[in-house]
Amino acid sequence: MGWLWAIIVGFVLGLLAKAIIPGKQHSPLWLTTIFGIIGATVGNAIARGFGIDETNGIDWGRHALQLAAAIVIVFLGDMMYTAMRSNKERA
């Protein structure tokens, strides 16, 4: 069940990140989901470093860090995907 939950959270975080980033992103939905999963993992690690990974109630700080990490990773990952795709089209 943990992997299914990670995929769902990654999907939602990836879509939110794509919606927040200005402009059009060209990465496919499956790659955006992977970027979201990575963002959630990085956000959890940062939250653990700050000591806010487990709190009473809703972990708003952890969720904000997950979203921030997903935004950065989706942005950078889409840039890499676009660059790799354009290099393949030129060759």
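How many residues does helix α1 have, and how far does the helix reach from its first C-alpha to its last? The legends below take up this point and others in a predicted model.

**Figure 1. Overall arrangement of the predicted chain.** The secondary structure comprises three helices and zero strands, and the elements follow one another as α-α-α from the N terminus. Taken along the principal axes, the box filled by the C-alpha atoms is roughly 55 × 25 × 20 Å. The chain has 91 residues, of which 29% count as buried. Its accessible surface amounts to about 6,100 Å², with 72% belonging to carbon and sulfur atoms. Of the contacts between residues at least 6 apart in sequence, 62% join residues at least 24 apart.

Figure 2. Helix α1, residues 2-20, has 19 residues and reaches 27 Å from its first C-alpha to its last, close to the 27 Å expected at 1.5 Å a residue. Its buried residues are Gly-10, Leu-13, Gly-14, Ala-17 and Lys-18. Seen down the helix axis, the buried residues of α1 fall within an arc of 135°, and therefore they line one face of the helix. An α-helix has 3.6 residues a turn, so residues three or four places apart point the same way. The face of α1 turned away from the buried side carries Trp-5 and Ala-19, both exposed. The buried residues of α1 pack against α2 (29-50) and α3 (60-90).

**Figure 3. Helix α2 and its covered residues.** The 22 residues of α2 should span 32 Å at 1.5 Å a residue, and the separation of 31 Å between the end C-alpha atoms agrees with this. Buried positions in α2 are Leu-31, Thr-32, Thr-33, Phe-35, Gly-36, Gly-39, Ala-40, Gly-43 and Ala-47. The cover over these buried residues includes α1 and α3. After α2 comes Gly-51, which has a positive phi near 80°.

Figure 4. Asp-78 is part of helix α3. This residue is buried yet has no salt bridge. Which side chain of opposite charge is nearest to Asp-78, and how far away is it? The nearest is Lys-18, at 5.9 Å; for a salt bridge, the side-chain nitrogen would have to be within 4 Å of a carboxyl oxygen. Lys-18 is itself among the buried residues of α1. With neighbours within four places in sequence left aside, the contacts of Asp-78 are Lys-24, Gln-25, His-26, Ser-27 and Phe-35. Of these, Phe-35 is one of the buried residues of α2.

**Figure 5. Gln-25 in the loop between α1 and α2.** Gln-25 is located in the loop between α1 and α2. Is Gln-25 buried or exposed? Its relative accessible area is 11%, so Gln-25 is buried, the cut-off being under 20%. Leaving aside neighbours within four places in sequence, Gln-25 is in contact with Lys-18 and Asp-78. Gln-25 and Tyr-81 are 56 residues apart along the chain, and their C-alpha atoms are separated by 9.6 Å.

**Figure 6. The salt bridge between Asp-59 and Arg-62.** A search of the whole structure finds one salt bridge. Asp-59 and Arg-62 form a salt bridge in which the closest N and O atoms are 3.1 Å apart. Both partners, Asp-59 and Arg-62, are buried.

Technical notes
Residues are numbered from 1 along each chain as its sequence is written. This is a predicted model: local features need pLDDT of at least 70, side-chain atom pairs count only at pLDDT 80 or more; totals for chains, interfaces and linings use all residues. Side-chain values use heavy atoms; hydrogens and water are left out. Helices (H or I, at least four residues) and strands (E, at least two) are DSSP runs, numbered from the N terminus. The expected span of a helix is 1.5 Å times one less than its number of residues. Buried means under 20% relative accessible area, exposed over 50%, partly exposed in between (1.4 Å probe, protein chains only). The arc is that of the directions from the helix axis to the C-beta atoms. Contact means heavy atoms within 4.5 Å. Lys and Arg count as positive and Asp and Glu as negative; His and the chain ends are not counted. Accessible areas come from the Shrake-Rupley method with a 1.4 Å probe; for residues, only the protein chains shown count as cover.
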